[in-house]
Amino acid sequence: PPASQNNEQGSTLRDLLTTTAGKLRLGSTDAGIAFAPVYSTGTASGKSGRTMPNILDDIIASVVENKIPPNRAPKINVKTEVKDEPKDDRKCVQDDCSKLYSDVQYSWICDKHVLWLRDHKNSNNWKLFKECWKQGRPVLVSGMHKKMNFSLWKAESISLDFGNQQADILNCKDSIISNTNVKEFWDGFEDVSKRQKIKNGETALLKLKDWPSGEDFKAMMPARYEDLLKSLPLPEYCSPEGKLNLASHLPGFFVRPDLGPRLCSAYGVAATKDHDIGTTNLHIEVSDVVNILVYVGIAKGNGVLSKSGVLKKFEEEDLDDLLRKRLKDSSELPGALWHIYAGKDADKIREFLQKIAKEQGLEVLPEHDPIRDQSWYVNKKLRQRLLEEYGVKTCTVIQFLGDAIILPAGALHQV
């Protein structure tokens, strides 16, 4: 409406803009404006000076000058759920939110740093997830494989359907990438005798690097793509059409991050002599990540650890009691070991890895970023030093078949 008809100035953003925009005096230095207009100064073709003022800053300045009286709260045309939310998010987490979310099956692991949602079917999971997500904490949702068509994700099924495809295969030991038939990778997935050998006859630890991903995934594997989408945890957040998935609301002209999905497949370290290497080195993702373990292969052949041997390797990790209890549950199948760090510790970890590189006689260039370059897998000895020397604690999570691990953007992790 015209400004003259609007008696409640500033009641909505639209009113705010329509009532203040006409009052702006571009370039004004009138002392009556609470904040002087902001100008950008710079050099272009040898000339410098003030340019057009920032329109938004002028609007803000005008609003401050005509601020809403403190005794009248502005009208906000947004429906809120304040009554359903706890007043103190951090206190809620520390107190287990037991009264507020008594209808949700959950536990806390890793010193209450990770929320474990134990019933993937509970329609109220997202409410507790929301409180945890506000604080940038990882979340684990178990049982996702129960919603999926398991036959689609078996190694032999993928090999049969796509064995003739070419893809990049990474040797995790020396980071050498080769382009070869996908069948060669899948043939050795559970039969160690068919795996590539490297020097000294050692079995190669291979990873099928993000194959397929994005639109290729949807075009190449439509049935698997649909099966994955209908089985995503917390669909309000994780589904491409989720009402709380920010990316789904971005206008088309925005350059979105790579939202996948992508298939990450790798051999386990059980058949390798060096257990201090990983299939995914320490790194950071620029967007939130959902990783579902859809299949766990049981490797067979010479040099492979027995089931009890594999469990023993897991038990040597710094695990909390709930994860140790899951390991003893015969119905659970462990498949991946994650080490997760909070984004706030990135600078400390970066400094630590550069220090270790110098100790090992490696060249450390000024522009080198060990996290961005994904050049390190932080083994148990280094994780202990990281805690003792920098006070950075590792969050260790075992991912079982069907577990979805949801990480906030900026969280460091290795697998």
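Helix H6 (residues 182–187) holds both Asp-187 and Lys-183, which sit 4 residues apart, about one turn of the helix. In this predicted model, the two form a salt bridge whose closest N and O atoms are 2.9 Å apart. Asp-187 is partly exposed, with a relative accessible area of 30%, and Lys-183 counts as partly exposed at 41%.

The count of salt bridges comes to 20. One of them links Lys-393 with Asp-111, with 3.9 Å between the closest N and O atoms. Lys-393 lies in the loop between H13 and E13 and Asp-111 in the loop between E3 and E4, so this pair ties together parts that are 282 residues apart in sequence. Asp-111 is exposed, with a relative accessible area of 63%, while Lys-393 is partly exposed at 43%. Another salt bridge joins Asp-119 and Lys-121 at 3.6 Å, N to O. Here Asp-119 is buried, with a relative accessible area of 17%, and Lys-121 is exposed at 64%. Lys-355, Glu-359, Arg-385 and Glu-389 are linked in a network of salt bridges.

Strand E3 (residues 106–109) and strand E4 (residues 114–117) run antiparallel and are joined by 4 bridges. Tyr-106 stands opposite Leu-117 in E4. In a regular strand the side chains alternate between the two faces of the sheet. In E3, Tyr-106 and Trp-108 point one way and Ser-107 and Ile-109 the other, and all of these are buried. The hairpin has 4 residues between its strands, and in it Cys-110 takes a positive phi near 60°.

Leu-117 also belongs to the largest nonpolar core, which has 49 residues; Leu-117, Val-139, Trp-186 and Trp-211 touch the most other members. Helix H4 (residues 125–134) gives the most to this core, with 5 residues. Leaving aside neighbours within four places in sequence, the contacts of Val-139 include Leu-117, Phe-129, Trp-133 and Ile-405. A second, separate core of 21 residues includes Leu-140, Leu-319, Leu-327 and Leu-337.

Leu-337 leads on to a sheet, where its bridge partner in E13 is Ile-398. Strand E12 (residues 334–341) and E13 pair in the antiparallel sense over 6 bridges. The open sheet has 4 strands in the order E10-E15-E12-E13, with antiparallel pairing. Strands E10 (283–284) and E13 (395–400) stand at the edges, each with a single partner strand, so one side of each is left without a neighbour in the sheet.

Helix H13 (residues 380–390) has Leu-382, Arg-383, Leu-386 and Tyr-390 as buried residues. Seen down the helix axis, the buried residues fall within an arc of 105°, so they line one face of H13. What covers them includes E12, helix H12 (346–359) and strand E15 (412–414). The face turned away from the buried side carries the exposed residues Lys-381 and Glu-388. At the N-terminal end, Asn-379 caps H13, with a side-chain oxygen 3.2 Å from the backbone nitrogen of Lys-381. Just after H13, Gly-391 takes a positive phi of about 70°.

Another open sheet of 4 strands has the order E7-E6-E8-E9, with antiparallel pairing. Its edges are strand E7 (176–181) and strand E9 (265–266), each with a single partner strand, so one side of each is left without a neighbour in the sheet. Strand E8 (residues 206–208) and E9 pair over 2 bridges, and the bridge partner of Leu-208 in E9 is Ser-265.

Notes. Residues numbered from 1 in each chain as written. Predicted model: local features only at pLDDT ≥ 70, side-chain atom pairs only at ≥ 80, totals over all residues. Heavy atoms only, no water. Pairing = 2+ DSSP bridges. Core = buried A, V, L, I, M, F, W, Y, C linked by side-chain atoms within 4.5 Å. Buried < 20%, exposed > 50% of the residue type's maximum accessible area, 1.4 Å probe, protein only. Contact = heavy atoms within 4.5 Å. Arc of directions from axis to C-beta. Polar contact = N/O pair within 3.5 Å; in protein donor to acceptor, adjacent residues only side chain to side chain. Salt bridge = Lys/Arg side-chain N within 4 Å of Asp/Glu carboxyl O.
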